Amino acid sequence: FGSILQTNFGSLLPHDRHGGRSSGITLPVLPSTEVSGHVYGVNNVPLSNCDVAALTDNPERGPPFWDVGGQFTDQAGAFRLTRLGADRYFFVVHCKNYLPALLPRAKSPDMTNATTLLPGDRLHAVDFHLTAGRPHSIQGRITLSDGSKPEGHTIWMQQIPADTLASLMM
């Protein structure tokens, strides 16, 4: 019927890491959630071997998101993420020779609201239409205008066409 709830809107259930015994603990067993769909490239061609990942907020210090489940697409470009706990999710797709895509659609997670899945939710026809291109890597040091390090900040970068950038600088 269900699975043990892995997350509770970003919080993990406590457990004893030292192997001790605990009693009197009640764990909620809720129906798991499911997300399925397809990944398409140029001219709606299904893309295989793309990594579709479910991310959720990280309430701890460290990376802002946790990768809590994922799957590679099959020959038909299909994916099916099952056994996800009830939580707030972002879904991201990485595929060779294509720019990454994010759902809900946005340039970065801080510019969108997460998709909330409640126990037993089934979200189907979650389709991604990717844009051909290669992600770029940049190396260097980032400092704020006062010279300090951007600790506690998330920095997202996006490609901006030259004509758009020129109009922003006027």
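Are Cys-50 and Cys-95 buried or exposed? Cys-50 is buried, and Cys-95 is buried too; buried means under 20% relative accessible area, exposed over 50%, and partly exposed in between (1.4 Å probe, protein chains only). This is a predicted model, in which local features need pLDDT of at least 70, side-chain atom pairs count only at pLDDT 80 or more, and totals for chains, interfaces and linings use all residues. Residues are numbered from 1 along each chain as its sequence is written, and side-chain values use heavy atoms, with hydrogens and water left out.

**Fold and surface**

- The chain has 13 strands and 1 helix. Both are DSSP runs numbered from the N terminus: helices are H or I with at least four residues, strands are E with at least two.
- From the N terminus on, the order is β-β-β-β-β-β-β-β-β-β-β-β-β-α.
- Of the 170 residues in the chain, 31% are buried.
- Contact means heavy atoms within 4.5 Å. Among contacts between residues at least 6 apart in sequence, 67% join residues at least 24 apart.
- The accessible surface of the chain comes to about 12000 Å², and 52% of that belongs to carbon and sulfur atoms. Areas come from the Shrake-Rupley method with a 1.4 Å probe; for residues, only the protein chains shown count as cover.

**Confidence**

- pLDDT is the predictor's confidence in each residue, from 0 to 100. Its mean over the chain is 76, and 61% of the residues reach 70 or more.

**Disulfide**

- A search of the whole structure finds 1 disulfide, defined as a pair of cysteine sulfur atoms within 2.5 Å.
- The disulfide joins Cys-50 to Cys-95, with S to S at 2.1 Å.
- The torsion about the S-S bond of Cys-50 and Cys-95 is about -50°, so the disulfide is left-handed.
- Cys-50 lies in the loop between β5 and β6, and Cys-95 in the loop between β9 and β10, so the pair ties together parts that are 45 residues apart in sequence.

**Nonpolar cores**

- A nonpolar core is a set of buried Ala, Val, Leu, Ile, Met, Phe, Trp, Tyr and Cys residues joined through side-chain atoms within 4.5 Å.
- The largest nonpolar core has 20 residues; Val-39, Phe-91, Phe-128 and Leu-130 touch the most other members.
- Strands β5, β6, β8, β9 and β10 each supply at least two residues of this core.
- Apart from it lies another core, of 5 residues, among them Ala-53, Leu-55, Phe-90 and Val-92.
- Leaving aside neighbours within four places in sequence, Phe-128 is in contact with His-38, Val-39, Tyr-40, Val-52, Phe-79, Phe-91, Val-93, Ala-101, Leu-102 and Leu-103.

**Aromatic pairs**

- The whole structure holds 2 aromatic pairs. Rings of Phe, Tyr and Trp (its six-membered ring) pair if their centres lie within 6.5 Å; planes under 30 degrees apart count as stacked, over 60 as edge-to-face and the rest as tilted.
- One of the pairs is Phe-79 with Phe-128, which is tilted: 6.1 Å centre to centre, 50° between the planes.
- Phe-79 lies in strand β8 (residues 78–84) and Phe-128 in strand β13 (residues 128–129), so the pair ties together parts that are 49 residues apart in sequence.
- Phe-79 and Phe-128 are both buried.

**Loops with positive phi**

- Most residues other than glycine have a negative phi.
- Asn-43 has a positive phi, near 60°. Asn-43 sits in the loop between β5 (33–40) and β6 (51–57), and is exposed at 71% relative accessibility.
- Asn-97 also has a positive phi, about 70°. Asn-97 sits in the loop between β9 (87–94) and β10 (101–103), and is partly exposed with a relative accessible area of 49%.

**The β11–β12 loop**

- Leu-118 is in the loop between β11 (115–117) and β12 (122–123), and is partly exposed at 44% relative accessible area.
- Asp-121 is in the loop between β11 and β12, and is partly exposed at 28%.
- The C-alpha atoms of Asp-121 and Glu-34, 87 residues apart along the chain, are separated by 6.5 Å.
- Beyond neighbours within four places in sequence, Asp-121 is in contact with Ser-32, Thr-33, Glu-34 and Thr-116.
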